[in-house]
Amino acid sequence: MNKRWRMMICMGLLAILLLAGCSKGNNSGDTEGSGVKILMCISDGSDTFRATLAEAAEKTAKEIGAKVDVVDAKNSIETQVEQISQAESKGYHAILCCPVDPDTAVQMEASAGELPIIFMNSCPEEKRLEADKYMFVGSDELVAGRYQAEYVLDQLGNKNEINVVLLKGERSHSGTKGRTEAVKNTFADSGKQINFVFDDYADWSTEYAAEMFETFLELESKYDCVICNNDSMALGVIEVCKEKGIDLSEIPVLGVDATVDGCKAIQEGDMAFTVYQSATGQGEAGVKVAAALANGDKASESGLEVSEDGKYVWVPFEKVDQSNVSSYQ
């Protein structure tokens, strides 16, 4: 009897071990990022867009079995470089970086050791990028600026001469450069007389934009529209217009990002147009690319659309006005 029981116990233990082995094998394909640690260095955690980017990255990492740790450089280049220089020794396998200044990409790449860096939010110069090593995940800023200029041309097409107020983001930011360049080039190709009656940097800030627009109004110059590199600055302009009794239905104010407040302003008839930039989509894409590179795979194996040169993963921009704003709220 004892021999019989011992045999049954042994068979039971063997069955348990076999089941455990099968279970482990079945789960391995479901956790593509299992064990991958990603350091995410953001330049300013108080910025709404970057905060959403970080939240999406953390959520996506959890879904694929990876881990994202977010650190805030608080707009300090020195702090960000130091954070990146410690990543390899702390056991991270890849870095997501919203650079304080994209012109410091060389310094950050040198500090990262052998770790791949996926830049986000502000793009370094193309020569600083390398396929499957130093990549950029984001939206093509030229498209956002083109969409803005096209909207103005469509709405004010009856005018041969258009006077434009242009408020720009941070001077070194790739979004500022790309959006502004595309606005100006699209207008230049239109064949119309375009006068930039005010053109200055408001650093993405609602407060700075409001102050600058008030200063501009004191000049009593004619203007037909206000184009801003982001929604926050557009909202600053709108605040001033309301205080001064300016009819916003006559003066289109445009932004970029389709933030919650920006979409609300469009719904209420205050802002005319914005361009949706998906912080969530970019956060998801960044983590998937980082996990692929950390595992020794190519970015093209992440399931995302990678540019032909292998340096970029683009998340499309989308036009938003009163006709479709409810879909973005």
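A nonpolar core is taken here as a set of buried Ala, Val, Leu, Ile, Met, Phe, Trp, Tyr and Cys residues joined through side-chain atoms within 4.5 Å, where buried denotes under 20% relative accessible area, exposed over 50%, and partly exposed in between (1.4 Å probe, protein chains only). The model is predicted, so that local features require pLDDT of at least 70 and side-chain atom pairs count only at pLDDT 80 or more, while totals for chains, interfaces and linings use all residues. Residues are numbered from 1 along each chain as its sequence is written, and side-chain values use heavy atoms, with hydrogens and water left out.

The largest nonpolar core comprises 30 residues, among which V165, L167, F213, V226 and V237 have the most contacts inside it. Two or more residues of this core are given by each of β6 (161-168), α7 (206-218), β8 (225-228), α8 (231-244) and α9 (260-267), these elements being DSSP runs numbered from the N terminus (helices, H or I, at least four residues; strands, E, at least two). The largest share, seven residues, comes from α8. V165 touches V197, F198, F213, F216, Y223, C225, V226 and I227, residues up to four places away in sequence not being counted; contact means heavy atoms within 4.5 Å. A second, separate core of 29 residues includes F49, A57, V287 and L293.

F49 is also touched by S278, which contacts V315 as well when residues up to four places away in sequence are not counted. S278 lies in the loop between β10 (274-276) and α10 (279-294), and counts as buried because its relative accessibility is 10%. A polar atom of the S278 side chain lies 2.7 Å from the backbone nitrogen of G281.

The largest pocket has a volume of about 850 Å³, the volume being the space filled by probe spheres set on the points, which are joined across faces, edges and corners. Its lining consists of 35 residues, of which D47, T48, F49, D257 and T259 lie nearest the centre, and α2 (48-64) gives the most, with four residues.

The second largest pocket, with a volume of about 360 Å³, is lined by 18 residues, those nearest its centre being C123, P124, E141, S174 and G178. α6 gives the most to this lining, with four residues.

Notes
Polar contact = N/O pair within 3.5 Å; in protein donor to acceptor, adjacent residues only side chain to side chain. 1 Å grid on protein atoms, 1.4 Å probe; cavity = no way out; pocket = protein on both sides within 12 Å on 5 of 7 lines; lining within 4 Å.
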